[in-house]
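Hi,

Here is the structure I said I would pass on.

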Amino acid sequence: MLKHADIWAAIDRLARLNGLSASGLARRAGLDPTTFNPSKRQSSDGKLRWPSTESISKILDATNSSMAAFVRLIDDGSGLPARRIPVISHAQAVADGLFDDAGRPTGKGWDEVDFPNLSDPSAYALEVTGGDLAPIYRDGDVIVVSPAAGLRRGDRVVAKTADGALLIGELVRISANRIDLKPLSGDEPAQSLKLSDVVWKARIVWASQ
């Protein structure tokens with residue numbers, strides 16, 4: 001039997017798996033940002049409010065998730081069976097030979113970390129070292145990256161440039177020729193790059209904050 005609290009908890013877990021708050025998840029799905037607020041889950045007279053099937057459909061589409069994965073989030077909070085994914089510090093990730101041309105992890109130098117299985121078999125994790133990405137990501141945070149996930153404006157992404165740099169920022173704009181990334185630290189303006197100078201780019205889908 002489906003329980004009201006379990007459905008809402010699954011929505012919260014789906015948001016966290018994608019590095020979002022509940023309101024951020026609603027916004028990405030094209031819903032009112034307050035759709036999943038705690039105040040919307042119960043009326044003033046104590047009557048339980050359930051999320052609509054339409055809103056659930058929209059958040060699954062927005063996160064490239066399946067209904068089966070959502071049901072598992074309801075059942076036990078794991079989403080998909082746990083597996084080990086490659087992990088390396090974000091400072092070490094600039095080394096040659098760690099990624100193929102599509103941005104999938106390869107070669108030696110990787111450790112492993114347990115994580116609920118994502119639909120992307122090439123997902124990997126980066127452990128943040130130092131304060132370059134503060135205040136968004138701090139020393140010791142782990143971010144999970146999915147090379148297969150689609151990119152949308154406002155996503156936090158990792159990009160490898162032709163000169164070997166590894167950039168982590170917010171996607172401001174992407175066109176047929178250019179990509180604009182806003183640094184996560186400070187108030188620096190967005191950096192505009194030619195797409196021909198970007199070897200690969202991938203979305204950050206979760207962060208252990």
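Let's start with glycine 19, which sits in the loop between helix 1 (4–17) and helix 2 (22–28). Helices here (H or I, at least four residues) and strands (E, at least two) are DSSP runs, numbered from the N terminus. Bear in mind that this is a predicted model: local features need pLDDT of at least 70, side-chain atom pairs count only at pLDDT 80 or more, and totals for chains, interfaces and linings use all residues. Residues are numbered from 1 along each chain as its sequence is written, and side-chain values use heavy atoms, with hydrogens and water left out.

Glycine 19 counts as partly exposed because its relative accessibility is 35%; buried means under 20% relative accessible area, exposed over 50%, and partly exposed in between (1.4 Å probe, protein chains only). Setting aside neighbours within four places in sequence, glycine 19 is in contact with Val205, Trp206 and Ala207 (contact means heavy atoms within 4.5 Å).

On to helix 3 (residues 53–62), where the buried residues are Ser55, Ile56, Ile59, Leu60 and Ala62. Looking down the axis of helix 3, those buried residues fall within an arc of 165°, so they line one face of the helix. The arc is that of the directions from the helix axis to the C-beta atoms. As a reminder, an α-helix has 3.6 residues a turn, so residues three or four places apart point the same way. Thr53, Glu54 and Asp61 are exposed on the other side of helix 3. Just after helix 3, asparagine 64 has a positive phi of about 55°.

Then the salt bridges (a side-chain nitrogen of Lys or Arg within 4 Å of a carboxyl oxygen of Asp or Glu). Searching the whole structure turns up six. One of them pairs aspartate 12 with arginine 41, their closest N and O atoms being 2.9 Å apart. That pair links distant parts of the chain, 29 residues apart: aspartate 12 is in helix 1, and arginine 41 is in the loop between helix 2 and helix 3. Aspartate 12 is partly exposed at 21% relative accessibility, while arginine 41 is buried at 14%.

Arginine 84 and glutamate 112 also meet through their side chains in a salt bridge (3.9 Å, N to O). Here arginine 84 lies in strand 1 (residues 82–89) and glutamate 112 in strand 2 (residues 111–116), 28 residues apart. Arginine 84 is exposed, with a relative accessible area of 54%, and glutamate 112 is partly exposed, with 48%.

Cheers
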